[in-house]
Amino acid sequence: MIRVLVVDDEELVRSGLRLILEAAGDIAIAGEARDGAEAVSAVRRLRPEVVLMDVRMPGMDGLTAAARLLSEPDAPKLIMLTTFDLDEYVHEALRLGAVGFLLKDTPPRELAAAVRTVAGGQAMLSPSVTRRLIASYANRAPSRAEVARRQLDRLTGREEDVIRAVARGLSNAEIGRELRLTEATVKAHVSRMLAKLGLANRVQAAILVHDADLG
């Protein structure tokens, strides 16, 4: 069972998320929290594998809580909940190391699938939503773009092909088909690329590509 902590200041939202996730069969709700401070305390006490957390809450907001949670050893996988008017905050959460985010109107099946994806060690990068939001809210000041491009200059030509495909939201299998590589070879390229750039996950790789204005 995948143990999930649900964090939202609205009880109705928490109840809805609990019902959806528990109906999946392989997901258990480890606990609930009403704000970021409760979330930090609950994570330390309950040790969930995944935290599903709203961005804007009274008291300690989701972004502040994310920074604290992701700085600790054995941090849980973090998915942020958002609406379009909060996208800029989610972008910052992804920079902190969150593995993805969901819109609050995400269909139940996709919600459960997202939890399984991040629990399995993969970052959540939706081609239709995540890329659009990252591109819209990334700070593309010349200095940041230049820094990002210099960082990407460390990559080989093939690694750059792979990171561009990652930024488009493609899976390892899809990248392999496009670049005519085996899935195992793509996985190795991704691992080396992340290590070389000092990145935690595929979402951060996508942000770097967009910062460099190459996405």
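**Figure 1. Overview of the chain.** The chain has 11 helices and 5 strands, where helices (H or I, at least four residues) and strands (E, at least two) are DSSP runs numbered from the N terminus. This is a predicted model, in which local features need pLDDT of at least 70, side-chain atom pairs count only at pLDDT 80 or more, and totals for chains, interfaces and linings use all residues. Residues are numbered from 1 along each chain as its sequence is written, and side-chain values use heavy atoms, with hydrogens and water left out. Of the 215 residues in the chain, 47% are buried; buried means under 20% relative accessible area, exposed over 50%, and partly exposed in between (1.4 Å probe, protein chains only). Among contacts in the chain with a separation of 6 or more, 68% are between residues 24 or more positions apart, a contact being heavy atoms within 4.5 Å.

**Figure 2. Packing of helix α1 (residues 11-22) on helix α5 (residues 108-119).** The two helices pack at an angle of about 75°, with their axes 9 Å apart. Axes are lines fitted to C-alpha atoms, for helices over the stretch in contact, and angles run from 0 to 180 degrees between N-to-C directions. α1 and α5 are therefore roughly perpendicular to each other; angles under 35 degrees count as roughly parallel, over 145 as roughly antiparallel, 65 to 115 as roughly perpendicular and the rest as oblique. L17, I20 and L21 of α1 meet P108, L111, A112 and V115 of α5. The residues of this contact divide into 7 nonpolar, no polar and no charged, with Ala, Val, Leu, Ile, Met, Phe, Trp, Tyr, Cys and Pro counted as nonpolar, Asp, Glu, Lys and Arg as charged, and the others, Gly among them, as polar.

**Figure 3. The two sides of α1.** R14, L17 and L21 of α1 are buried. They cover an arc of only 65° around the axis, which puts them on the same side of α1; the arc is that of the directions from the helix axis to the C-beta atoms. These buried residues pack against β1 (2-7), β2 (27-33), β3 (50-54), β4 (77-82) and α5. On the other side of α1, E11, L12 and L19 are exposed.

**Figure 4. The buried face of α5.** In α5, the buried residues are L111, A112, A114, V115 and V118. Seen down the axis, they fall within an arc of 155°, so they line one face of the helix. The elements covering them include β1, α1, β2, β3, β4 and β5 (100-103). After α5 comes G121, which has a positive phi near 100°.

**Figure 5. Packing of helix α9 (residues 172-179) on helix α10 (residues 183-197).** The angle between α9 and α10 is about 110°, and their axes are 8 Å apart. That makes α9 roughly perpendicular to α10. N172, A173, I175 and G176 of α9 are in contact with E183, V186, K187 and V190 of α10. By class, the residues of this contact are 4 nonpolar, 2 polar and 2 charged.

**Figure 6. Two loop residues with positive phi.** Most residues other than glycine have a negative phi. R47, not a glycine, has a positive phi of about 50°. R47 lies in the loop between α2 (36-46) and β3 and is partly exposed, with a relative accessible area of 40%. For R180, also a residue other than glycine, phi is positive and near 60°. R180 is found in the loop between α9 and α10 and is exposed, with a relative accessible area of 79%.
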